Amino acid sequence: RVGVWWGTVCHNVWDLTDAEVVCRQLGCGSALFAPLYSAYGPGTGPVLMGGVGCTGDEDYLLNCRYTGPGLNYCDHFTDASAVCSGPNITDTYNGPRVRLVNGPDSCSGRVEVYTARQWATVCNDGWDMRDADVVCRQVGCGLAVSTSDQPQFGQGTGLIALVYVGCSGNESSLFDCPSGDIQHYYFALHYFDASVICSGPNITDNYTGIRVRLVNGDNMCSGRVEVYYRGFWGTVCDDWWSINDAQVVCREVGCGKALQATTNAFFGQGSRAIILDDVNCSGNEPSLLNCPSRPIGTNDCSHYEDAGVICADPYKGRKVRLVSGNNNCSGRVEVYYYGQWGTVCDDGWDTRDAQVVCRELGCGDALSAPMKAAFGGGTGPILLDDVHCTGNEMSLLNCLASRQTARNCGHNEDASAICSAGATVRLVNGPNRCAGRVEVRYNDGWGTVCDEYWDIRDAHVVCKELGCGFALFAPGWAAYGEGSGSIALDDVACTGSETSLLNCGNTGLGQHNCVHFEDASVVCSESSTTTDVYTGPRVRLAEGNSSCSGRVEVYYAGQWGTVCDDSWNILDGDVVCGEVGCGRALAAPGWAEFGMGIGLILLDDVQCLGTEASLFDCPATQLGWHNCHHIEDASVVCSGRANVRLVGGSDRCNGRVEVFHAGLWGTVCDHGWDLNAVRVVCRELGCGRAITQLGEATYGQGSGRIWLDDVACSGSESTLLDCSHRAFGEHNCQHSNDAAAVCSGERLVL
């Protein structure tokens, strides 16, 4: 105190001699320490003294040499302190003299020692693992694992009691170790307080496992680097961390080459010990622990500097597979990623994606790309989502996709693929791979399926497995010819949701009571071999003696099929003959008069009136439904190629008149057109009596040629071309003058 002012003393040249004067002035015994840097907190008010230089004999501090206020250039950060022994005070404390504070447990924290009846910190200058070992042993916490130059467990307050501690490591107490003179260590700040992390009591390190690991990464080959030391896993500081260091780590953990050496806690901050710092590998060391570094356990880092690595996947095998199917070429799609197999979400999944999978596996072409866990849900991670292949990629992993673990998918959405080499079913003897006799894999070969209980649900499973759309027909009775060899399945009972016909209910492979004329067949929606819209004829005559006789066949769903002769008669034949431009029916034989067809029987129980424009206009059972065999295929014999037809009307016996000449159909001008001409047309077409003649394009205007004009018939001619008319193609008409005829429609006996 100077005058009325209390103020602090600057620690410039402050030492134990000055503190001795303070202690004597206060009657507090002898000076034990003379701490610097406001050890007991900064004061307030003026700094009254600086550069204090006592001899030690003064009774009062103010009797010592010093500089006064305004001359010492100090602030309260440099306030001086003193620790006195006290007047005749006996220290009765008999507890531990060393402790660890502010750590997560009693075996880690800031080092503090008990002296002068108070706890004080230790400066970390010269502090190393030998000093830390003595502390850990003294506090009963095993071995030292690490010590840091950073204030890892916070800064202490008050006295800093020790500096330049130099233990050999064998001492029983930190006080047995040599240390420096704190009074001559000008930079003894609490920022440099020593700390230690110990292994813990009763730790005996018998560990023989790995010494380096990667944690918190996306896979087993990336993550924060941790090393094992004295029963403890700790991190590695990123000081000097490089790709050479990462290369040693990647090789040691069994991964591929190092891709990246990450810093700044890229994979998150670790906790507790930092084991290695200033690592400097050449890249060829067998272990990270063999690389040059600071002494193990020492560092000047914080966990925000934890090092990490990203390594290549060491797996060199095939990284795509199909599982849970009937073979290696069908099933749930799984991909390999850094030590684990995971599934693929079906969002956006299609046959282009499946095509890449099938080609990658050497399984031919993709037949289908089932979704919704068709082969059961997988387990583990869902590794790919929103896959978008062009179909030309060499691997599924080359396709565009979301490669993080899928967040919006469950295993009920696992994608699948069925490849051509993995199909357990095929369709043979049809017009293409999506229609034909059903055969399934059996005894290293193929066997047919009996048609007992065979229905559209069974057919749907076949079409789905083959990637042929949905089932149109499920014909039996060896519609596509009789197979040979084994009959593999009988009494098939599918629900329609199965992924393979072999998964449907049945009597057991090879168990049946059938013969091959009962072989089952299927026609799928994608059986058409072209995407073009078919515009050709829908009815034809096959295997006859001329183009106007033969087995009746009709076109549907991309293929030709036959007609059953149940209820077949001359009126049905008339419609066919008229539709194919062959006049009237002379005969309508059944029982495969012109040979048995193959494939579908598309119509049965046909019941025409005889006037319909097309066989498809006649009443019949549902398309594709029948109870026939090809031995009942219907046929027709027609009178011959007709040169006249009626078009645009409600049936073949009324409409615009057209004649065939020079390979083309053309119209007739209504000039001179009368009922006699209509009588000739109706008789020629087998369409009964003439009702009326019409002109002025009543049934719509034709197109192309106008072949006849000024037609004049007597009514008795056998064909319109026998009537008088101008030369073919000579006329003075427009198509607005196209002639028409209406006949009664009843069949006249020739």
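Author: What follows sets computed values against the definitions behind the labels. This is a predicted model, in which local features need pLDDT of at least 70 and side-chain atom pairs count only at pLDDT 80 or more, while totals for chains, interfaces and linings use all residues. Residues are numbered from 1 along each chain as its sequence is written, and side-chain values use heavy atoms, with hydrogens and water left out.

Reader: Why is Ser287 called buried?

Author: Buried means under 20% relative accessible area, exposed over 50%, and partly exposed in between, with a 1.4 Å probe and protein chains only. Ser287 has 12% relative accessibility and therefore counts as buried. This residue lies in the loop between β16 (274-276) and β17 (298-299), where helices (H or I, at least four residues) and strands (E, at least two) are DSSP runs numbered from the N terminus.

Reader: Which residues is Ser287 in contact with, leaving aside its neighbours within four places in sequence?

Author: Contact means heavy atoms within 4.5 Å, and by that criterion Ser287 is in contact with Val248 and Glu252. Leu288 also touches Val248 and Glu252, and its other partners include Val212, Trp241 and Leu276, again not counting residues up to four places away in sequence.

Reader: What makes a set of residues a nonpolar core?

Author: A nonpolar core is a set of buried Ala, Val, Leu, Ile, Met, Phe, Trp, Tyr and Cys residues joined through side-chain atoms within 4.5 Å. The largest one has 57 residues, of which Leu174 and Leu288 touch the most other members. Helix α2 (residues 129-138) gives the largest share of this core, 5 residues.

Reader: What makes α2 mostly covered?

Author: Of its 10 residues, 7 are buried, namely Met129, Asp131, Ala132, Asp133, Val134, Val135 and Cys136. They pack against β6 (98-101), β7 (108-115), β9 (144-148), β11 (195-198), β13 (222-229) and β17. After α2 comes Gly140, with a positive phi near 75°.

Reader: How do you know that Cys345 and Cys409 form a disulfide, and why is the link called left-handed?

Author: A disulfide is a pair of cysteine sulfur atoms within 2.5 Å, and the sulfur atoms of Cys345 and Cys409 are 2.0 Å apart. The torsion about their S-S bond is about -80°, so the disulfide is left-handed.

Reader: How many disulfides does the structure hold?

Author: The structure holds 26 disulfides, one of which joins Cys329 to Cys363 with an S to S distance of 1.9 Å. Cys329, with a relative accessible area of 11%, is buried, and Cys363, at 2% relative accessibility, counts as buried too.

Reader: Why does Cys28 count as partly exposed?

Author: Cys28 has 24% relative accessibility, so this cysteine counts as partly exposed.
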